[in-house]
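Here is a short report to read alongside the model. Take a look at the picture, then follow the headings.

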Amino acid sequence: MALLEVNRLKVYFQTRNGLVKAVDDVSFSVDAGETLAIVGESGSGKSVTCYSLLDLLPKPPAVIEGGTALFDGEDLLTCSTPRMRQLRGNDIAVIFQDPMTSLNPFISIGEQLIEPLIYHPDKTRIQGRKQARLRAIELLDEVGIIDPVARFDCYPHEFSGGMRQRVMIAMALINEPRLLICDEPTTALDVTIQAQILELIKKLQQTRDVAVIFISHDLGVVAGIADKVLVMCDGTIREAGDTESIFYNSQNDYTKKLLAAIPEGAKVLTNRSEPDKPLVEVRDLKTYFSDYSKAAASGGKKYIKAVDGVSLDIRRGEILGLVGESGSGKSTLGRSILQLAPTSFGTVTFDGTLLDDLNPKQTVPWRRRMQMIFQDPYASLNPRMTVYQTLSEPLLYHGLADSKSIDQQVRQLMDDVGLAYGQMRKYPHEFSGGQRQRIAIGRAIATKPELIIADEPVSALDVTIQAQILDLILDLVERHNLTMLFISHDLSVVRYISDRVMVMNKGVIIESGDTETLWANPQQEYTQRLLKAIPLADPRLERRRIASL
Amino acid sequence: MLRFAIGRLLQAIPVLLIVISVTFLLVHSAPGGPFSADKAVPPEVIKALEAQYNLDQPLWQQYLSYLGDVIQGDFGPSFKYSGRTVNELIAAGLPITAELGLYALLIALIIGITAGVMAAIRPNTLQDYIPMSGAMLGICMPSFLLGPLLVLVFGIYLDWLPVSGWGDIPGDKILPSITLGAAYAAYIARLSRGGMLEVLSQDYIRTARAKGLSEPLIIVKHALRGGLIPVVAFLGPAFAGLLGGSFVVETIFQIPGLGRFYVQAAFNRDYTMILGMTVFFATLIILFNLLSDMLAIWLNPKLRQQSRGDS
C-alpha cells in the first residue's frame, strides 16, 4: 500500500461570485522514497490540493466537498484537530514557496527551528531546549548553513533567500517526517541557488527514504527531480504518469502546450541593430546606497555598491539582455540609466545628450523617449485607475493627444497589446497577470519611446502566458522600431529574446557578447556556472546535466 | 537608538518654541486679563498688580523674559493662586493625574487588546461583531456622558462604588479610571484587531500551523508581537492624551488633578498657568511619542539592529 493515497479529492471555495471548484476529483498516490511532481500554472489547484491534506486552508471559504486522503491508512480529511496537530510537522512537513515571508521576522531562526521539538504535540516526545538546540545545529550544518552555532540566534532578515530556504528545509526535517510537501521551493531563488537546494532535497530524500510531493510550474526542475508527474489545470488532473512518458510521450493537449511554451533555443528574429549608432552610452556608472546593516557598521563600510563602474552601449534597434542573479545590481542599473535612481558617479548619454546634467524639469521631454516596464504587474499599476486612465495619462501629459484624438489613440494602444477595447473601463484587479502586463506594456509604448527598459517583465507570469508576452514584446519591438534593455534572471528567456547579452555580478558587467556566441563559449567561470545551472525540460538530458555537475 | 533619541529631542526644541510663541500670543490677545474680573478693585491696585507681574511692560519684553524663565524650568508665579508658583501647582496635581492616567491606560490595554485579539481570531462572526460594536460605542460615547451613567448605575442604583473622590474611600478610583480609559480601550481594540488580522494572514503563521503548533501558542508567540505594533505606536499619543484629556473626568468625580487647574486657568486668564500647563503637556506628548517609537523599533529585530548600527 502506498504511503499516501488521495482518492477523488474535491475542494471548493465559496466566493461572492459563487462556488469555485479549486480541486475537482483529484486522485494520486505516493510511495515512500518516491517523488511525485504536481505541475500546473497558477490557479490550477496544485497548492490547494496539498494544503487541504494538512488542513491549512482557511475555512471558510474553503470546503472539502468529498474524497479521502489515506496517510498510512488514516484519513487526513476526517481526522480530529489534535490528531492533525500530531501529524503536522511530525509525519508530514511542508517547505513553502517564499522563504522571505514564510519565516517569522520577529523570532530568531533557532527558536523557530526548535519549536516542533519543544512544543511537540506528543507529550512523551517533548525535548528540552538544550537538546533541541543541539539537534537544530546539527541539521543546520547538514543543510549547509555555515557556522550554525553562531547563526542559531540570528533573525531571518540576516539571511539571504537561499539560506532562508535552507532553514525552512531544516525546520521541515527536524522531526524526521515521512512525507515532505515542497510547494515551489525554488521559485523565488536564483538559478545557481536553485540547483543547490534541489540537490539538497534530493540528497536528504535518498538518505531518509521520505516520500516527496513536489509542486512546481517549472518543467525543467520537474524533469530532474520527479519519478511521477501529475499535470493539473483548472482543478482537474489532465495527465498522470511516470516522468519520461509525460515528457516524451504525452497524449494530452494541455501538457503539450505547457512543454511547447518553454522558451528554448535562440532568437528567431533577425538582429536589426546598427552597431555604430549607440542610442545610449553609459560610462563608468556607479550607484551607491547607504548601508545600515550590522556587518557594514562593524566593517566600517558605509555603502552598498549596487552598480560599481559600468560602461555599456545600447545600440539603436537592438534587444540587449542583462542577466544576473538577485542582488547583482541589474535592476538598479536599469533605473539609473533612466535617472530613476540617483547615480553617484559616471555619465549616461541618450542620443547624444548628457542626461545627468538635466534638472527634473528638463528631463520631461526625455522621459517621453525612454520608458520602463516593471517586473510586477500587480504592484506597478495604480489600482484606482482604469485601463483607459492608465493608458491616456502619459499621452495627455506629454501632449501627444488632445481630447478628440485620445479615444482613438487608446483604442490603438489596446489593440497593439492585444486587449479588447471593451475592457477599457475596468480596473487592474479585474485582469489576470498576463493581461495586466499587457496594460503595463501598453503604458510604456504609449508615448512612442525609442528606448524601453524591461525589468523582469515576464518573471511573475505562468509559462504559457510568458510565451505570449515575449512574443508580444518581440512583435512590438519590430513594429515600432524599439531599442530595448531586457533585464532578467531567467537565462532561457534572455536567450530567446536578446541579440546581445551582458552578464552582471556584484555591480559590474563581467562578460558580454552576441547571445549565441556567449552561450556557446562563455569565458568567465561565473557565466559558465550560471549557464550550467539552467534546468532542462527533458528528463534524460536534465539527469545527465545534474550528474555532470 | 541613542542617535535616534537625540535627534528627536533636538527636533523637539523648535516645536516647543512654536508652541510657546503661539500660546503666548493667543493668551495675550484674548480679551480681558487676569485681574479684570475683580470689579471692585480700584484701577491703581490693578496697576500695582500688573507692575508686580511685569504685565505693564511691552509684550515682546514679557515674551523674552518668560522664555528665559522657561528655559531654566521656571514657569513663574500663578496670577490667581497668589503666593504659589505654577511649578508648585503642577507638582501638586501631577501625581494624581498621572495615577489616574496610568490606571486608565492599563484598563484600556487589557480590555482593548483582549477584545481586539478575540475579534481577529474569528473575524466576521459574533465573537468579532460584539466586541467591535462595543468598541464603536466606546469611541462614540463622550466621557461626560459615560461618567455620569456609570455613577448612576454603579454608584447610586447598585450602590457598589463611591460616586466621587480620589483616594478617600476604597474603590473610589475605579469609576474614574474606567470612564477615562473606555474610549482608549475601544480605540486599542480596533487597532489590535486590525494588526492581528494582518499578521494572521501572513505566510509565517501558516508555517507555524504546518509545524504542528497549537493555536493559542501561535497567537501568543507568533502573532502578538507583530500584531500589536500599531498599538505600541499609539501608546505615546494615548498616554499624553489621557493626561491632558482627564479634566472632564476630574471635574465629574471631583478629583484634585491637573486637568481642573488647566480649565480654571483658562477661565481666569491665569496667563502663566495656561502657558505653563501647555508647555508641560507639549513636552509630555513629545516625550511619550519618542518612547513609544523607540519601543516599536525595539520590538522589530530588523529595525533594532539598524538603529544599533546607527549609533
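## A loop in chain A

Between which helix and which strand of chain A does Lys448(A) lie? Lys448(A) sits in the loop between helix H16 (433-445) and strand S17 (451-455) of chain A. Helices (H or I, at least four residues) and strands (E, at least two) are DSSP runs, numbered from the N terminus. The phi angle of Lys448(A) is positive, near 50°, and this residue isn't a glycine. Lys448(A) counts as partly exposed because it has 14 C-beta neighbours inside 10 Å. For that label, a residue is buried if 20 or more other C-beta atoms lie within 10 Å of its own, exposed if 12 or fewer, and partly exposed in between, with C-beta atoms placed from the backbone.

This is a predicted model, where local features need pLDDT of at least 70 and side-chain atom pairs count only at pLDDT 80 or more, while totals for chains, interfaces and linings use all residues. Residues are numbered from 1 along each chain as its sequence is written, and chains are lettered from A and ligands numbered from 1 in the order in which they are written.

Next comes Glu456(A), found in the loop between S17 and helix H17 (463-480) of chain A. Glu456(A) isn't a glycine either, yet its phi is positive, at about 50°. With 19 C-beta neighbours inside 10 Å, Glu456(A) is classed as partly exposed.

## Where the chains touch

Chain A puts 28 residues into the contact and chain B puts in 22; two residues are in contact if their C-beta atoms, placed from the backbone, lie within 7 Å. On the chain B side, H14(B) gives the most, with seven residues.
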